[in-house]
Amino acid sequence: MHTIALSTMWGIQRFPQFDDFFVAAQASGFTSFELNHGVNSAMLASVHLNGRRITSVHEPCPADLSPAELKRRDWLISATDEENRRHAVAAVRRSIDLAHQIGATAVIVHPGRVVMDETAEATMRQLYREGKRHTPEYERILERMVTERAERAPVHLAAVRRSLAELAEQAARLGVRLGLENRDHYFEIPLIDELAELLDGGYGDTVGYWHDVGHAQKSEYKGYGPHAAWLNRFSDKIIGVHLHDIAGMEDHLAAGQGQMPWEMLARRLPTGDILRTCEFQNTNSPEQVAAGLRWLVDRGLIPDT
């Protein structure tokens with residue numbers, strides 16, 4: 001048996017019944033699962049999770065308010081408005097409670113964002129698609145974005161620290177670890193130095209790092225820093241990893257469908273007891289999902305148990 005989970009991301013809006021996802025996933029070779037932030041309370045009520053091996057929960061789950069709606073309301077743990085921040089903390093608390101109830105050992109946490117001009121990065125993405133990554137226009141936008149973010153980030157990082165202090169207490173009490181996930185948008189938290197600061201917040205082993213390979217690769221493509229830097233700096237802090245492939249700015253492809261530097265990952269990911277999840281989008285076919293699992297096994301990304 002291979003120590004790998006499949007995220008319910010693959011099942012969202014793909015199967016008529018939520019339970020059909022688990023049946024199809026098992027047919028593709030998976031025996032463990034991650035509940036992602038597309039799973040709401042009605043979906044949870046429709047299946048018996050006690051018979052499933054759920055390794056991790058990606059907040060907000062249950063997602064009775066979607067991540068997009070939470071962002072629209074600024075119900076993020078980085079919010080400077082205290083009422084908004086408390087709503088965000090409450091959403092993550094529900095995910096921690098759910099993880100505890102079903103025996104999952106980790107909750108993946110998005111640490112929020114810096115409120116700034118988000119259209120600049122959309123322009124950069126378009127320039128990247130047009131082959132203009134190394135043009136003066138691209139570099140000017142990147143420089144402006146870096147300056148603006150540096151000015152606005154401190155108050156949001158302070159809010160994240162307050163939120164983590166509250167969440168870590170609950171998580172430690174319930175035996176659940178929190179994995180702070182790297183993001184691919186520059187306005188999102190954390191940057192690499194910010195992650196170092198957050199992990200040094202006195203939470204012990206309760207708060208660690210969750211590495212998303214697609215986010216790190218997109219960040220490298222956009223000029224935010226090399227993918228490998230995250231692994232070199234935080235390999236001893238990693239509690240889990242999201243595995244998926246990437247083609248340009250499109251990620252969450254089944255492994256083997258893109259240009260992810262798998263050999264680099266195989267060399268740098270910890271070989272020890274970390275959680276591994278295939279986070280494949282629902283556009284991947286069952287055949288691609290099964291082939292993606294075999295691809296990762298063949299390249300040493302997934303150890304045998």
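Leu 293 is buried, at 6% relative accessible area (buried is under 20%, exposed over 50%, partly exposed in between, with a 1.4 Å probe and protein chains only). The model is predicted: local features need pLDDT of at least 70, side-chain atom pairs count only at pLDDT 80 or more, and totals for chains, interfaces and linings use all residues. Residues are numbered from 1 along each chain as its sequence is written, and side-chain values use heavy atoms, with hydrogens and water left out.

**Leu 293 and its surroundings**
- Leu 293 sits in helix α11, residues 286–298 (helices are DSSP runs of H or I with at least four residues, strands are runs of E with at least two, numbered from the N terminus).
- Leaving aside neighbours within four places in sequence, Leu 293 contacts Ile 4, Ser 28, Gly 29, Phe 30 and Ile 302 (contact means heavy atoms within 4.5 Å).
- Gly 29 and Leu 293 are 264 residues apart along the chain, yet their C-alpha atoms are separated by 7.5 Å.

**The buried side of α9**
- Helix α9 spans residues 227–234, and its His 227, Ala 228, Trp 230, Leu 231 and Phe 234 are buried.
- These residues lie on the same side of α9, because they cover an arc of only 160° around the axis (the arc is that of the directions from the helix axis to the C-beta atoms).
- An α-helix has 3.6 residues a turn, so residues three or four places apart point the same way.
- The packing partners of these buried residues are α7 (192–199), β6 (207–212), α8 (213–221), β7 (238–243) and α10 (262–268).

**How α8 meets α9**
- The axes of α8 and α9 come within 7 Å and cross at roughly 125° (axes are lines fitted to C-alpha atoms, for helices over the stretch in contact, with angles from 0 to 180 degrees between N-to-C directions).
- The two helices, α8 and α9, are therefore oblique to each other (under 35 degrees is roughly parallel, over 145 roughly antiparallel, 65 to 115 roughly perpendicular, the rest oblique).
- From α8, Val 213, Ala 216, Gln 217 and Glu 220 meet His 227, Ala 228 and Trp 230 of α9.
- The residues of this contact divide into four nonpolar, two polar and one charged (Ala, Val, Leu, Ile, Met, Phe, Trp, Tyr, Cys and Pro count as nonpolar; Asp, Glu, Lys and Arg as charged; the others, Gly among them, as polar).

**Cysteines**
- The whole structure holds zero disulfides (a disulfide is a pair of cysteine sulfur atoms within 2.5 Å).
- Cys 61 is in no disulfide, and its nearest cysteine sulfur, that of Cys 278, is 18 Å away.
- That distance is too far for a bond.
- Cys 61 is buried at 1% relative accessibility, and Cys 278 is buried at 0%.
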